[in-house]
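Let's take a friendly walk through this structure together. Keep the 3D view open and find each residue as its name comes up.

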Amino acid sequence: MEKTHTKGGEFIIKDTEAADIFIPEEFDEEQLMIKKTCEDFLQTEVNPNLDRIDKLEEGLMPSLLDKAGELGLLAVSIPEEYGGFGKNFNTSMLVADIVGAGHSFAVAISAHTGIGTLPILYYGNEAQKTKYVPKLASGEWKASYCLTEPNSGSDANSGRTKAVLNKEGTHYLITGQKMWITNGGFADIFIVFAKIEDDENLTAFIVEKGFGGITMNPEEHKMGIKGSSTRQVFFNDCPVPVENMLSDRQNGFKIAVNILNIGRIKLGAAAIGSSRAVIDKAINYANERVQFKLQISKFGAIRYKLAEMATRNFAIESACYRAGQNIDDAYDALVAGGMETGKAKLKSTEEFAVECAILKVWGSEMLDYVVDEGVQVYGGMGYSAEAPMDRAYRDSRINRIFEGTNEINRLLIVDMLLKRALKGELDLMTPAQAVASELMSIPEFGEEDDSLFAAEKKTLKNLKKAGLMIAGSAVQKLMMSLAKEQEILMNIADIIGAVYVVESTILRVEKLVKARGEEAVQGQLDMMRIYLQEAVDSVYLAGKEALNSFAEGDELNMMLVGLRRFTKVAPYNIKDARQRVAKQLIEANKYCY
């Protein structure tokens with residue numbers, strides 16, 4: 001069957017069929033071999049050396065990147081003509097997922113293969129790609145990305161670094177200060193953003209360390225990811241050949257935004273792998289630790305934690321690979337339509353920028369929840385630097401700041417959806433008006449559908465109505481001032497994100513049931529129903545807070561009644577469901593889904 005073409009952000013107004021999404025159980029043999037290579041690399045090269053990595057042992061991280069390059073792990077999604085394997089986006093997501101368990105190494109490899117390499121691959125001219133990409137793909141050269149400055153964090157386009165053309169017109173002299181530069185201590189290549197003259201927007205440059213005029217502060221002392229080289233980099237009349245301008249003048253901000261879209265969804269994938277490793281350790285410890293003459297894995301409070309950790313991981317995993325395949329499908333369609341491959345890569349990711357932002361937020365917050373509960377399962381030992389939860393807990397925290405803070409990403413989710421509606425790319429108004437009309441009508445009570453997923457899909461449809469009702473009313477009521485109401489925008493984003501993740505989870509389990517039968521996926525069914533119940537509660541709370549913030553009187557009362565109607569869900573015994581999920585985890589002694 002031919003897949004239905006999906007638009008980015010369309011999930012909030014359109015039903016998706018299970019057959020149209022990709023689930024991780026569908027990875028083919030070659031992809032599973034790549035997965036195994038990543039797992040083996042972590043087991044043999046990274047995990048035994050975590051303490052040495054965290055001490056920033058001279059030359060250790062570059063040597064690990066060299067070894068990863070020899071195995072092809074830096075070149076998975078690089079086209080074959082530049083020394084790569086030319087695999088699709090979801091395969092690169094799988095690598096990000098598995099390597100995500102590698103603590104500081106995961107940060108180094110992600111920065112090199114993502115924000116360090118992709119700007120050249122996607123925006124470079126043929127000469128630039130031919131010169132730089134093969135050496136980056138092999139690991140011979142290491143890459144970093146210089147965007148953030150002391151006075152420009154979330155407001156990246158306000159950077160003060162300057163690029164001045166010399167009298168001969170042969171070189172730009174770059175002067176400025178960059179901070180939080182991952183891989184800065186050993187990078188050979190820097191993607192540097194600077195402004196030329198009084199330009200409004202940034203321009204990007206490919207800068208080689210050997211150009212000169214580059215100095216650095218010592219390594220930063222950080223809360224976590226201690227083994228990731230992080231430095232301030234100073235450019236002092238650094239001479240950059242004019243041919244090393246990346247793309248067009250003033251196109252740097254667009255490059256930064258589009259590359260960050262990729263970084264966001266990859267961060268969501270990395271959170272899955274990191275979380276999975278923590279869950280494994282927590283289960284192992286719960287099965288070994290004895291208190292009151294019983295393994296602590298037999299206690300309900302511990303089982304609650306293990307099941308909840310696994311459920312949230314399963315849900316984010318469902319959403320990540322759904323979005324990854326959507327990006328791949330969009331890319332294939334664009335190339336089939338005649339678009340150049342590099343441009344198609346960017347356009348396909350840009351199409352799903354809303355989903356990328358959702359996965360960054362929900363993935364990083366899922367991981368923070370999991371590592372926090374991992375510490376709690378370990379109890380006193382969880383707080384010891386001798387036990388593994390210490391590093392996992394500290395390393396997790398940066399993810400809510402990386403790639404745009406979660407607050408910025410929540411604002412972007414709503415902003416991007418509304419801009420697409422204004423451009424006519426998404427018809428949000430018609431379904432929002434339909435929901436408003438439904439609020440004024442008497443609910444219909446037709447014949448009940450008793451098929452396996454009917455109740456869940458009805459609830460899901462109502463959650464979408466809740467989001468449309470609140471977003472539509474906020475736009476109508478606040479109009480131009482809505483952009484300043486960040487709390488309300490974040491409430492709406494919480495509803496939209498919850499809808500996307502819970503829908504992805506339902507569709508994944510539906511597809512699994514069709515492939516394996518209901519009996520074989522009881523644990524997945526339980527996790528899906530647990531997550532749905534929790535999503536309904538989160539939508540109600542976010543919706544109530546938003547409505548109380550901008551509506552009043554009869555209008556407020558009417559919409560609160562509507563919100564209660566749209567967040568009704570059949571009673572379900574979550575406690576017993578968690579017990580069943582935990583039992584499977586404990587018996588397998590690992591995350592087994």
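## Salt bridges

Start with Lys457 and Glu510, whose side chains meet in a salt bridge with N and O 2.7 Å apart. This pair links distant parts of the chain: Lys457 is in helix α15 (residues 454-478) and Glu510 is in helix α16, 53 residues apart. Salt bridges that share partners also join Asp15, Arg322, Lys461, Lys464 and Glu503 into one network. Keep in mind as you look around that this is a predicted model.

How many salt bridges does the structure hold? The count is 39. Another of them joins Lys511 to Glu26, with the closest N and O atoms 2.9 Å apart. Lys511 lies in helix α16 (residues 486-516) and Glu26 in the segment before α1 (29-46), so this pair ties together parts that are 485 residues apart in sequence. Lys511 has a relative accessible area of 16%, so this residue is buried. Glu26, at 34% relative accessibility, counts as partly exposed.

## A buried pair

Now find Asp54 and Arg391, which form a salt bridge whose closest N and O atoms are 2.9 Å apart. Asp54 sits in helix α2 (residues 50-54) and Arg391 in helix α12 (residues 389-396), so to speak two distant parts of the chain, 337 residues apart, that the pair links.

Are these two residues buried or exposed? Asp54 is buried, with a relative accessible area of 16%. Arg391 is buried too, with a relative accessible area of 14%.

## A positive patch and a buried asparagine

You can find Lys254 in helix α8 (residues 252-288). With a relative accessible area of 47%, Lys254 is partly exposed.

Asn251 has its place in the loop between β8 (245-246) and α8. Asn251 is buried, and its relative accessible area is 17%. If you leave aside neighbours within four places in sequence, Asn251 is in contact with Tyr123 and Leu202.

Phe550 belongs to helix α17 (residues 522-550). At a relative accessible area of 7%, Phe550 is buried. What does Phe550 contact, apart from neighbours within four places in sequence? The list is Ile470, Ser473, Ala474, Lys477, Leu478, Ile488 and Met559. Take Ala474 from that list: Phe550 and Ala474 are 76 residues apart in sequence, and their C-alpha atoms are 7.2 Å apart in space.

Asp97 is part of helix α4 (residues 89-99). Its relative accessibility is 2%, so Asp97 counts as buried. Not counting residues up to four places away in sequence, Asp97 touches Ala269, Ala270, Ile272, Gly273, Ser274, Arg276, Glu317 and Tyr321.

## Backbone angles to look at

Finally, look at the backbone. Most residues other than glycine have a negative phi. Trp180 has a positive phi of about 60° although it is not a glycine. This residue, Trp180, lies in strand β3 (residues 171-182). Trp180 counts as partly exposed, at 46% relative accessibility.

Glu403 also has a positive phi, of about 55°, and is not a glycine either. Where is Glu403 found? Look in the loop between α12 and α13 (406-422). Glu403 is buried, because its relative accessible area is 17% and the buried class covers values under 20%.

Notes
Residues are numbered from 1 along each chain as its sequence is written. This is a predicted model: local features need pLDDT of at least 70, side-chain atom pairs count only at pLDDT 80 or more; totals for chains, interfaces and linings use all residues. Side-chain values use heavy atoms; hydrogens and water are left out. Helices (H or I, at least four residues) and strands (E, at least two) are DSSP runs, numbered from the N terminus. Buried means under 20% relative accessible area, exposed over 50%, partly exposed in between (1.4 Å probe, protein chains only). Contact means heavy atoms within 4.5 Å. A salt bridge is a side-chain nitrogen of Lys or Arg within 4 Å of a carboxyl oxygen of Asp or Glu.
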